[in-house]
Amino acid sequence: MSDVVKAVKEKTAAYESTEPKELYDIRTGTFAVGTNNQYFTNLDFVNGMLRDQSMYTWYPLLLTFQDMRFTLEQACALVHRFDYAYSNYLRYSGLQEMGAFAEAITKFLPTASSREEAVEAVKAFLGYLNRLAAWSFHYFPWSIGKHLTYETPEGSIAALADPSRRVKIADGQKVRLTWEPLDISVIAYLASKENPELCDDVIAALPFTVVQDHAVVSGESMYAWAPVVSTAKVNVKERQCDAPVGRIRYSQGTGNKIIVQYGEVTEDIATPVLGEILPEYADDIYKVGRAVLESNFGDKTPIMLKVELA
């Protein structure tokens, strides 16, 4: 199994800043699958199924392998039961490398010499899936949404917010976020005292550079899939609609994403607090947010986010 895990990690690292060729072939129609000589339906299925496979299948599976209430035999049985429909169909849809990795991981997991070895293998494959999901999301043609617009009821966004519920962050580890080619850098403090275990996981992966994307449902926030697979304990969460401009969140269960809020957000789901960008950078992150919005819904030119200690 160690050879499989090594190969998975090597591909994951390669895809941190480069789109996988199989995803490129799917989104350009080079991989020709789709009824009526069109490939949009295949592209749509791949994007949606990758999202669910990574976020809502393999992340819960990772938690299951870490949970001592489940034997390794039980956890391994769940892998085949819950993953096969995803990995096999996505293999047919053009992600043959992923399909081969999934088959190998599923085959070798029952031979793991320890729970730790099995957890490491599941973490590696989940990190790989997260990278695929990130690039699939970035290049998906979200501009289709411009043809399906609605009138926003006046005041509907502001009515959701309750600033009194905002989390107060004590000064923590300082980090720098830089967006290229925009040449914009900001300074933020991590919630080192509020969510120390989560912050430690992120700090251990620094520095890293990944593609920056924009929320497509919740409003004025942007996120990036971090090269981290964290199941760390979370002490402090905050409803997204209550958060201030500059809030940095971290979503372990939806791809291990670093999320930056630069304006109003409608979502009322509570998310782990990772940090906060200093208020003096509000105009800068607004510029970044609008540029990333145009990237996601427009020309797709990647904007890269670098996170490092400051």
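Me: How far apart do the end C-alpha atoms of residues 2–138 lie, and how much of that span is helix or strand?

Reply: The end C-alpha atoms of residues 2–138 are 31 Å apart, and the span is 77% helix and 0% strand. Helices (H or I, at least four residues) and strands (E, at least two) are DSSP runs, numbered from the N terminus. UniProt, in an unreviewed entry, lists residues 2–138 as "domain: Cucumopine synthase C-terminal helical bundle"; UniProt positions follow the numbering used here, feature names are shortened, and annotations may be inferred rather than shown by experiment. The model is a predicted one, in which local features need pLDDT of at least 70 and side-chain atom pairs count only at pLDDT 80 or more, while totals for chains, interfaces and linings use all residues. Residues are numbered from 1 along each chain as its sequence is written, and side-chain values use heavy atoms, with hydrogens and water left out.

Me: How should I read a pair of aromatic rings, and how many aromatic pairs does the structure hold?

Reply: A pair of aromatic rings is described by the distance of the centres and the angle of the planes. Rings of Phe, Tyr and Trp (its six-membered ring) pair if their centres lie within 6.5 Å, and planes under 30 degrees apart count as stacked, over 60 as edge-to-face and the rest as tilted. The structure holds 14 aromatic pairs. One of them joins tyrosine 15 and tyrosine 128, which are tilted, with 6.3 Å from centre to centre and 45° between the planes. Because tyrosine 15 lies in the loop between α1 (2–14) and α2 (21–28) and tyrosine 128 in helix α6 (residues 115–139), the pair ties together parts that are 113 residues apart in sequence.

Me: Are tyrosine 15 and tyrosine 128 buried or exposed?

Reply: Buried means under 20% relative accessible area, exposed over 50%, and partly exposed in between (1.4 Å probe, protein chains only). Tyrosine 15 and tyrosine 128 are both buried. A further aromatic pair, phenylalanine 40 with phenylalanine 140, is tilted at 6.1 Å centre to centre, with 45° between the planes. This pair links distant parts of the chain, 100 residues apart, since phenylalanine 40 is in helix α3 and phenylalanine 140 is in the loop between α6 and β1 (174–180). Phenylalanine 140 counts as buried because its relative accessibility is 8%, whereas phenylalanine 40, at 34%, is partly exposed. Ring pairs also link Phe40, Phe137, Phe140, Trp142, Tyr223 and Trp225 into a cluster.

Me: Which residues make a nonpolar surface patch with Phe40?

Reply: Patches are made of residues with over 30% relative accessible area and no salt bridge, where like charges are joined within 9 Å and nonpolar side chains (Val, Leu, Ile, Met, Phe, Trp, Tyr) within 5 Å. A salt bridge is a side-chain nitrogen of Lys or Arg within 4 Å of a carboxyl oxygen of Asp or Glu, and accessible areas come from the Shrake-Rupley method with a 1.4 Å probe, with only the protein chains shown counting as cover for residues. Phe40, Ile144 and Leu148 make a nonpolar patch of about 290 Å². Phenylalanine 40 belongs to helix α3, which covers residues 40–66.

Me: Where are peptide bonds cis, and which residues other than glycine have a positive phi?

Reply: Most residues other than glycine have a negative phi, and most peptide bonds are trans. Here the bond from glutamate 180 to proline 181 is cis, with omega near 10°, and proline 181 is in the loop between β1 and β2 (184–190). Leucine 206 and proline 207 are also joined by a cis peptide bond, with omega about -5°, and proline 207 lies in the loop between α7 (196–205) and β3 (208–214). Asparagine 256 has a positive phi, near 60°, and is buried with a relative accessible area of 0%. Lysine 300 has a positive phi near 70°; this residue lies in the loop between α8 (282–297) and β9 (303–309).
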